[in-house]
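Trainee: Could we go through this model together, one question at a time?
Mentor: Gladly, here it is.

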Amino acid sequence: MEPLFKTEDLVFGGFLKYADLSFPAGKITFITGESGSGKSTLFKILNGTLSPSKGRAYYRGRDIEALDAIALRREVSLVSQEPFLFDGAVRENFDAYYAYREQSPPTDADIKKLLSSFLLDFGTDAPTRTFSGGEKQRLYIAVFLSFQPRVLLLDEPTSALDAATGASVLSAIIKSCRENGTEVVVVSHSVQMAEQFAQNTLHLRKEAAL
Amino acid sequence: MSGAADIGILSFCLIYLLLIVVLILMRRSKIAKTRELLIASLRMTAQLVLVGFILTYILQNPHPAFTAAFISAMVVFSVHRVLSRQKGLNFRFKVIIGASFSISGLAILAYFVLAVLGQSLANPQYTIPLAGMILGNSMTGMNLALASFSQSITSQKQKMDALLNLGVPPQNILKPLAGGALETALIPTINSMVGMGIIFLPGMMTGQILSGTLPTTAILYQISIMIAICAAVSLAVFAALMAGVKTLYNGKSQFTFGPDITRKDPS
């Protein structure tokens, strides 16, 4: 079976060198590694927002550099560590994100269903500025998942939560993704989280500068 | 109606006494800008004396080449002033700003002088002062627009990254920021239009009245110049930003700048 992602001799910016990696399809992959080992940069290369300075990265056997970048990002969406929400209510956030993607937004009922699957017990008119860091992060991931990407790259999705809440939230996120048929790759510095959820773990090491 | 009364050199020097008042007030308020005020006053005096002599010569010896040279110098100087505040911007963006600014300003000037006033572009009496007003105000508008645009890019980097990661084309992310910058650029012109005639008498109209022009004629000039300025600012800023944003991403739909617009390498 073609791996979900594969990298060969990947180098970024002359200071990050990656060992060759392979992500099996259909399995939850966790990427771990110390800070500065290039976890977030790898994600950006995988969804085409950064280009490697050397080497190649493949998505389902296709060279990422040769793919249409916008189509790739709609299929492989990257949820960054720092959530971004628009001012206003939950509904307005979906409206704004969908307006940027030039798609019609989901109905209130769909949003409500999505929120509850993310353990967010709010109405669509709830103002997001009163949300806690963890709630903002979950709503942000929910917005991304609502576009039904084929792959969701989650960069430290539980960084704003304590360990117990983080585990239950991640379990809910993974369940929602499974129901959507969305593949999940997670960057996490938490070994326990990886042990609990990962079906495949890739550990990045800080390679010596070139 | 008579022309403006001549000011004798000695009487003229009396106006500098008012600067002493400003200096005293600055000292009292502990504002350490005495040097700047003195330098600014000296520069203004030197620049205006120089331009006064040059304009007198050009008006007495009108020649299309003199007018063209004067206007070119104004364009070069104002483009330089705009770009000197945008040091880190990429080279293509700078060229686009320079071109949009010059072409918009000169096109509006040509329309004003040829179509509205029915004068020749070579006539320095009309072309030079109007160019000064149009280019000067466009320069302020462009500076405001670029400052607002860079500030939005820096403060909204998180939003821009989120949208890019979700597959929103970079042009759709940047264009609303350019729109916001155009709005900022137009605010001073629109505000001064609103207050004009009630809160203050504008400079051009005041100058014409002082030199003996009928107020009814002066207002026609004033209204025309305000609309011309508004159009020049809009055109220059719109063209500069709409074309300029295209230099901020590459063919792979990646941003080509870092945490702020002046840093080129994304990290």
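Trainee: Among contacts in chain A between residues at least 6 apart in sequence, what percentage joins residues at least 24 apart?
Mentor: First, a note: this is a predicted model, where local features need pLDDT of at least 70, side-chain atom pairs count only at pLDDT 80 or more, and totals for chains, interfaces and linings use all residues. Residues are numbered from 1 along each chain as its sequence is written, while chains are lettered from A and ligands numbered from 1 in the order in which they are written. A contact means that two C-beta atoms, placed from the backbone, lie within 7 Å. Counting pairs at least 6 apart in chain A, the share joining residues at least 24 apart is 71%.

Trainee: What radius of gyration does chain A have?
Mentor: The radius is taken over C-alpha atoms, and the globule rule is 2.2 Å times the number of residues to the power 0.38. For 210 residues, a compact globule would come out near 17 Å, and chain A agrees, with 17 Å.

Trainee: In which order do the five strands of the open sheet in chain A lie?
Mentor: Strands are DSSP E runs of at least two residues, helices are H or I runs of at least four, and both are numbered from the N terminus. Two strands pair if DSSP finds at least two bridges between them. β7 (76-79) and β10 (200-204) of chain A each have a single partner strand, so they stand at the edges. The pairing is parallel, and the order is β7-β8-β9-β4-β10.

Trainee: Which residue of β10(A) is the bridge partner of T32(A)?
Mentor: Strand β4 (residues 29-33) of chain A runs parallel to β10(A), joined by five bridges. In β10(A), the partner of T32(A) is H203(A).
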